[in-house]
Amino acid sequence: MKKFNSKSCEEIMTTVYKPIEFVIDGLIAQGLYILAGAPKVGKSWLALDMCLSIAKGEKILGLKTSQGTALYLCLEDSYARIQNRLYELTDEPTEMLYFSVMSDPIGGGLEEQIEGFMSEHRDLKIVFIDTLQMVRSDTDSSYGSDYKDLSVLKALADKLEIAIIVVHHTRKCKDIDPFNMISGSTGISGCVDGSMVLIETKRGSRNAKLYCVGRDIENAEINLQFDSDLKKWVVTDEPTAPKSKDNIFLAALYVYIKKKIDFSGTASELIEKLKSVSDETFYPNRVTRDLVRNGYTLRKYGIDFKYKRTRNCRLIILHYDRERDSSDSKNTSEVTVNRLIQKV
């Protein structure tokens, strides 16, 4: 009899998993996404700008990108049209952006083509498929068909640990919920990791709002304006990023352990120690969570941690190794929490 490959609650909560990598900070992580909008609204301009920005490691919509190779499947365009659009956006070519105007359909070779491309470009970060209908083998838009096709692409994105963005259309009918305007069944939005819907405030106004929702991103509404000279969408009201509570905890922990080298004690005892370097209030029931979730970051800063169960409590054991500290603060004698908050 086959058994579940199950894990206990404690094992999951104390295991340091590889953190989710954002290709575009706070907007697109590894996984499958939909970018939908009305025909000719400017989806392709936004997609091309995203690809260029990622390939060059430049900001897009005011957000940082993780630089790497980008692949854009422009399945409704020609190379001549792509050339014209590229010259509208930049006069500096990049070796990290690739295009194709033809591909096989989903389930008919597309997955193998993308895997083959990645075998030649190991730093592949993102693949844009413009449009979804061009890689579907039939016109059936039932829930089952939509979910089946999109689940193939989601499994591929998860396997390769990349972002795949599928460009799609919206319906003509208006809806109070912009995500209900995505053409097709709810199988599309139900399968993807995130959805972005670009809607003009008034047709032809070149003012629009990008609605964003997803499993790993905060719900957002970004006001945009299409700059006719730059040929790109620009943000008209950049939000102020809130101060991260995680960053404050990690900064305080680093400042403390860098001086003390070792710590062994309970979560409550650790919080008492952190009071010597920060006025921020931390909570014992959040310490384990913050250590586990930020395990990769701690290693970058030369900090190892583990847990040890005793009869009465669970001990947190920390050790700082200066030789493995790859941060800019490694050789700084006086390090403060406030200086580190934006770096951690």
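This is a predicted model: local features need pLDDT of at least 70, side-chain atom pairs count only at pLDDT 80 or more; totals for chains, interfaces and linings use all residues.
Me: In which sense do S6 and S7 pair?
Reply: Strand S7 (residues 163–169) and S6 pair in the parallel sense, over 5 bridges. Two strands pair if DSSP finds at least two bridges between them. Strands here are DSSP runs of E with at least two residues, helices are runs of H or I with at least four, and numbering goes from the N terminus.

Me: And how many bridges join S4 to S6?
Reply: S4 and S6 are joined by 6 bridges and run parallel. Within that pairing, Thr-69 stands opposite Leu-124 in S6.

Me: How many residues of S6 are buried?
Reply: In strand S6 (residues 124–130), 7 of its 7 residues are buried. Buried means under 20% relative accessible area, exposed means over 50%, and partly exposed is in between, using a 1.4 Å probe and protein chains only.

Me: What does Phe-128 touch?
Reply: Leaving aside neighbours within four places in sequence, Phe-128 is in contact (heavy atoms within 4.5 Å) with residues including Leu-35, Met-50, Tyr-72, Ile-165 and Val-167. Phe-128 is also one of the residues that touch the most other members of the largest nonpolar core, which has 41 residues. H2 gives the most to this core, with 9 residues.

Me: What's a nonpolar core, and how many residues are in the second one?
Reply: It's a set of buried Ala, Val, Leu, Ile, Met, Phe, Trp, Tyr and Cys residues joined through side-chain atoms within 4.5 Å. The second core is separate and has 32 residues, among them Leu-32, Ala-36, Leu-110 and Ile-129. In soluble globular proteins, nonpolar side chains tend to be buried together.

Me: Switching to rings: how many aromatic pairs are there?
Reply: The search of the whole structure finds 10. One of them is Trp-45 with Phe-226, a tilted pair at 6.2 Å centre to centre with 55° between the planes. For the cut-offs, rings of Phe, Tyr and Trp (its six-membered ring) pair if their centres lie within 6.5 Å; planes under 30 degrees apart count as stacked, over 60 as edge-to-face and the rest as tilted.

Me: Where do Trp-45 and Phe-226 sit?
Reply: Trp-45 is in helix H2 (residues 43–56) and Phe-226 in strand S10 (residues 220–227), so this pair links parts of the chain 181 residues apart. Trp-45 is buried, at 15% relative accessible area, and Phe-226 is buried too, at 8%. Ring pairs also link Trp-45, Phe-226 and Trp-233 into a cluster.

Me: What lies over the face of Phe-226?
Reply: Arg-206 does, at 4.6 Å from the ring centre. A charge sits over a ring if NZ of Lys or CZ of Arg is within 6 Å of the ring centre and within 35 degrees of the ring normal. Arg-314 lies over the face of Tyr-307 in this way, at 5.7 Å from the ring centre.

Me: What about H5, how far does it reach?
Reply: Helix H5 (residues 143–160) has 18 residues and reaches 26 Å from its first C-alpha to its last, close to the 26 Å expected at 1.5 Å a residue. The expected span is 1.5 Å times one less than the number of residues. The buried residues of H5 include Leu-150, Leu-153, Leu-156 and Leu-160. They pack against strand S3 (31–37), helix H4 (110–120), S6, S7 and helix H6 (186–191).

Me: Which peptide bond is cis?
Reply: The bond from Asp-130 to Thr-131 is cis, with omega near 15°. Thr-131 is found in the loop between S6 and H5.

Me: And the whole protein, how many helices and strands?
Reply: There are 11 helices and 14 strands. Of the 344 residues, 45% count as buried, and the C-alpha trace spans about 65 × 60 × 45 Å along its principal axes.

Conventions. Residues are numbered from 1 along each chain as its sequence is written. Side-chain values use heavy atoms; hydrogens and water are left out.
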